[in-house]
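User: I have a structure open and would like a quick walk through it. Can we go over it together?

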Amino acid sequence: MATAMDQLVGFGLVAFSLLLFVYYTIWIIILPFIDSDHGIHKFFLPREYSVTIPVIAGLLLVLFVGVFIVIVMWKNRKPAKKSD
Amino acid sequence: MTKLVQWLCGLALLGTAWATLALDPLGLHLPLPCQQVLWPFPVYLLVAFGCYSLATIGYRLATFNDCEAAAKELQEQIREARADLSRRGLNRSGEQGR
(Lines give C-alpha, C1' and ligand atoms only; values in the text may rest on other atoms or scores of the structure.)
Protein backbone atom coordinates (compact mmCIF):
# COMPACT_ATOMS: atom_id res chain seq x y z
CA MET A 1 0.00 0.00 0.00
CA ALA A 2 1.28 3.48 -0.80
CA THR A 3 1.74 5.84 2.16
CA ALA A 4 -1.28 7.79 3.41
CA MET A 5 0.18 11.03 2.05
CA ASP A 6 0.67 9.47 -1.39
CA GLN A 7 -2.88 8.16 -1.41
CA LEU A 8 -4.24 11.55 -0.33
CA VAL A 9 -2.32 13.42 -3.02
CA GLY A 10 -3.13 10.79 -5.64
CA PHE A 11 -6.86 10.68 -5.07
CA GLY A 12 -6.86 14.46 -4.66
CA LEU A 13 -5.38 14.75 -8.15
CA VAL A 14 -8.01 12.37 -9.51
CA ALA A 15 -10.85 14.34 -7.89
CA PHE A 16 -9.43 17.66 -9.07
CA SER A 17 -9.01 16.53 -12.66
CA LEU A 18 -12.51 14.99 -12.67
CA LEU A 19 -13.99 18.25 -11.39
CA LEU A 20 -12.07 20.25 -13.98
CA PHE A 21 -13.17 17.92 -16.77
CA VAL A 22 -16.85 18.06 -15.80
CA TYR A 23 -16.81 21.87 -15.46
CA TYR A 24 -15.04 22.34 -18.78
CA THR A 25 -17.31 19.86 -20.58
CA ILE A 26 -20.43 21.61 -19.35
CA TRP A 27 -18.94 24.98 -20.26
CA ILE A 28 -17.92 24.07 -23.81
CA ILE A 29 -20.40 21.43 -24.94
CA ILE A 30 -23.59 21.72 -22.93
CA LEU A 31 -24.06 25.45 -22.31
CA PRO A 32 -24.59 26.48 -25.98
CA PHE A 33 -27.68 24.26 -26.05
CA ILE A 34 -29.24 25.88 -22.98
CA ASP A 35 -31.36 29.03 -23.32
CA SER A 36 -29.54 32.16 -22.26
CA ASP A 37 -32.11 33.04 -19.59
CA HIS A 38 -31.51 29.83 -17.59
CA GLY A 39 -29.90 30.36 -14.17
CA ILE A 40 -27.00 27.99 -14.81
CA HIS A 41 -25.20 30.52 -16.99
CA LYS A 42 -24.23 32.64 -13.99
CA PHE A 43 -21.89 29.89 -12.77
CA PHE A 44 -19.79 30.08 -15.90
CA LEU A 45 -17.52 32.83 -17.23
CA PRO A 46 -18.08 34.35 -20.69
CA ARG A 47 -17.20 31.96 -23.48
CA GLU A 48 -14.03 33.73 -24.61
CA TYR A 49 -12.33 32.75 -21.37
CA SER A 50 -12.85 29.07 -22.15
CA VAL A 51 -10.09 29.36 -24.76
CA THR A 52 -7.84 32.06 -23.29
CA ILE A 53 -7.49 30.51 -19.82
CA PRO A 54 -6.22 27.08 -21.01
CA VAL A 55 -3.91 28.68 -23.57
CA ILE A 56 -2.37 31.01 -20.96
CA ALA A 57 -2.12 28.14 -18.46
CA GLY A 58 -0.33 26.04 -21.09
CA LEU A 59 2.11 28.85 -21.83
CA LEU A 60 2.79 29.30 -18.10
CA LEU A 61 3.44 25.57 -17.81
CA VAL A 62 5.95 25.67 -20.65
CA LEU A 63 7.55 28.72 -19.02
CA PHE A 64 7.94 26.96 -15.68
CA VAL A 65 9.37 23.85 -17.27
CA GLY A 66 11.86 25.96 -19.22
CA VAL A 67 12.90 27.93 -16.13
CA PHE A 68 13.32 24.70 -14.18
CA ILE A 69 15.56 23.25 -16.88
CA VAL A 70 17.65 26.44 -16.99
CA ILE A 71 18.10 26.41 -13.20
CA VAL A 72 19.12 22.75 -13.11
CA MET A 73 21.57 23.15 -15.98
CA TRP A 74 23.02 26.29 -14.39
CA LYS A 75 23.63 24.49 -11.09
CA ASN A 76 25.31 21.55 -12.82
CA ARG A 77 27.73 23.48 -14.99
CA LYS A 78 31.38 22.52 -14.48
CA PRO A 79 34.36 24.92 -14.93
CA ALA A 80 36.05 24.55 -18.33
CA LYS A 81 39.65 23.91 -17.22
CA LYS A 82 40.75 21.17 -14.84
CA SER A 83 41.83 21.95 -11.29
CA ASP A 84 45.33 20.31 -11.36
CA MET B 1 5.59 4.95 -42.54
CA THR B 2 6.90 5.95 -39.13
CA LYS B 3 4.70 6.56 -36.10
CA LEU B 4 5.45 10.27 -36.24
CA VAL B 5 4.19 10.51 -39.82
CA GLN B 6 1.09 8.52 -38.86
CA TRP B 7 0.33 10.86 -35.96
CA LEU B 8 0.91 13.94 -38.12
CA CYS B 9 -1.40 12.59 -40.81
CA GLY B 10 -4.10 11.91 -38.24
CA LEU B 11 -3.71 15.38 -36.76
CA ALA B 12 -3.78 16.96 -40.22
CA LEU B 13 -6.97 15.07 -41.03
CA LEU B 14 -8.69 16.16 -37.83
CA GLY B 15 -7.44 19.72 -38.29
CA THR B 16 -8.78 19.86 -41.83
CA ALA B 17 -12.16 18.50 -40.73
CA TRP B 18 -12.34 21.09 -37.95
CA ALA B 19 -11.30 23.96 -40.24
CA THR B 20 -13.83 22.92 -42.88
CA LEU B 21 -16.67 22.90 -40.38
CA ALA B 22 -15.59 25.96 -38.37
CA LEU B 23 -14.36 28.46 -40.97
CA ASP B 24 -17.31 27.55 -43.20
CA PRO B 25 -15.78 27.88 -46.66
CA LEU B 26 -18.61 25.83 -48.21
CA GLY B 27 -21.33 28.03 -46.74
CA LEU B 28 -23.07 25.15 -44.95
CA HIS B 29 -24.38 27.37 -42.10
CA LEU B 30 -24.65 24.94 -39.22
CA PRO B 31 -27.07 25.89 -36.41
CA LEU B 32 -25.57 28.47 -34.04
CA PRO B 33 -25.12 26.24 -30.92
CA CYS B 34 -23.19 23.71 -33.03
CA GLN B 35 -20.90 26.45 -34.28
CA GLN B 36 -20.37 27.66 -30.72
CA VAL B 37 -19.43 24.15 -29.61
CA LEU B 38 -17.15 23.60 -32.58
CA TRP B 39 -14.88 26.63 -32.25
CA PRO B 40 -13.11 25.74 -28.98
CA PHE B 41 -13.09 22.02 -29.80
CA PRO B 42 -9.29 21.56 -30.27
CA VAL B 43 -8.64 23.36 -26.98
CA TYR B 44 -11.30 21.16 -25.38
CA LEU B 45 -9.53 18.02 -26.60
CA LEU B 46 -6.23 19.30 -25.21
CA VAL B 47 -7.76 20.09 -21.82
CA ALA B 48 -9.50 16.70 -21.75
CA PHE B 49 -6.22 14.96 -22.52
CA GLY B 50 -4.50 16.98 -19.77
CA CYS B 51 -7.20 16.00 -17.27
CA TYR B 52 -6.88 12.34 -18.25
CA SER B 53 -3.08 12.48 -17.82
CA LEU B 54 -3.39 14.14 -14.41
CA ALA B 55 -5.99 11.60 -13.26
CA THR B 56 -3.84 8.68 -14.44
CA ILE B 57 -0.78 10.05 -12.64
CA GLY B 58 -2.77 10.62 -9.46
CA TYR B 59 -4.37 7.19 -9.56
CA ARG B 60 -1.07 5.39 -10.17
CA LEU B 61 0.51 7.41 -7.38
CA ALA B 62 -2.25 6.42 -4.97
CA THR B 63 -2.21 2.71 -5.86
CA PHE B 64 1.55 2.24 -6.07
CA ASN B 65 2.59 -0.55 -3.70
CA ASP B 66 5.59 -0.26 -1.44
CA CYS B 67 7.62 -3.46 -1.02
CA GLU B 68 8.84 -3.27 2.58
CA ALA B 69 10.63 -6.61 2.57
CA ALA B 70 12.44 -5.93 -0.69
CA ALA B 71 13.51 -2.47 0.53
CA LYS B 72 15.00 -3.92 3.74
CA GLU B 73 16.78 -6.64 1.80
CA LEU B 74 18.23 -4.05 -0.58
CA GLN B 75 19.53 -1.91 2.30
CA GLU B 76 21.12 -4.98 3.86
CA GLN B 77 22.81 -5.84 0.57
CA ILE B 78 24.13 -2.27 0.26
CA ARG B 79 25.63 -2.50 3.77
CA GLU B 80 27.25 -5.83 2.98
CA ALA B 81 28.68 -4.52 -0.29
CA ARG B 82 30.13 -1.43 1.43
CA ALA B 83 31.72 -3.56 4.16
CA ASP B 84 33.13 -5.92 1.56
CA LEU B 85 34.63 -3.13 -0.55
CA SER B 86 36.22 -1.37 2.42
CA ARG B 87 37.64 -4.69 3.54
CA ARG B 88 39.30 -5.08 0.15
CA GLY B 89 40.91 -1.66 0.50
CA LEU B 90 38.66 0.51 -1.68
CA ASN B 91 37.91 3.08 1.01
CA ARG B 92 35.48 5.92 0.74
CA SER B 93 33.39 4.11 -1.83
CA GLY B 94 30.44 6.38 -1.26
CA GLU B 95 32.14 9.71 -2.04
CA GLN B 96 32.42 11.39 -5.41
CA GLY B 97 36.10 12.37 -5.39
CA ARG B 98 35.84 15.86 -3.87
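**The annotated stretch of chain B**

Analyst: Residues 43-62 of chain B are 100% helix and 0% strand, with 28 Å between the end C-alpha atoms. Bear in mind that this is a predicted model.

User: What feature does UniProt place at residues 43-62 of chain B?

Analyst: An unreviewed UniProt entry gives "transmembrane region" for those residues.

User: And how many helices and strands does chain B have?

Analyst: Chain B has 4 helices and 0 strands. Read from the N terminus, its elements go α-α-α-α. The radius of gyration of chain B is 28 Å, well over the 13 Å that the globule rule gives for 98 residues, so chain B is more spread out than a compact globule.

User: What box do its C-alpha atoms fill?

Analyst: Along the principal axes, the C-alpha atoms of chain B take up roughly 85 × 30 × 30 Å. Of its 98 residues, 11% are buried.

User: Switching to chain A. How many helices and strands there?

Analyst: Chain A contains 2 helices and 0 strands. The box for its C-alpha atoms is roughly 80 × 40 × 15 Å.

User: What share of chain A is buried?

Analyst: Buried residues account for 13% of the 84 in chain A. The accessible surface is about 7,000 Å², and 77% of that belongs to carbon and sulfur atoms.

User: How many positive and negative side chains does chain A have?

Analyst: There are 7 positive and 5 negative side chains in chain A, and the centres of the two sets are 23 Å apart. For chain B the counts are 9 positive and 8 negative, with the centres 7 Å apart.

Note on methods:
Residues numbered from 1 in each chain as written. Chains lettered and ligands numbered in written order. Predicted model: local features only at pLDDT ≥ 70, side-chain atom pairs only at ≥ 80, totals over all residues. Heavy atoms only, no water. Buried < 20%, exposed > 50% of the residue type's maximum accessible area, 1.4 Å probe, protein only. Areas by Shrake-Rupley, 256 points an atom, 1.4 Å probe, with all protein chains shown as cover. Lys, Arg positive; Asp, Glu negative; His and termini not counted. Charge placed at Lys NZ, Arg CZ, Asp CG, Glu CD. UniProt positions renumbered as here; feature names shortened; annotations may be inferred. Rg over C-alpha atoms; globule rule 2.2 N^0.38 Å.
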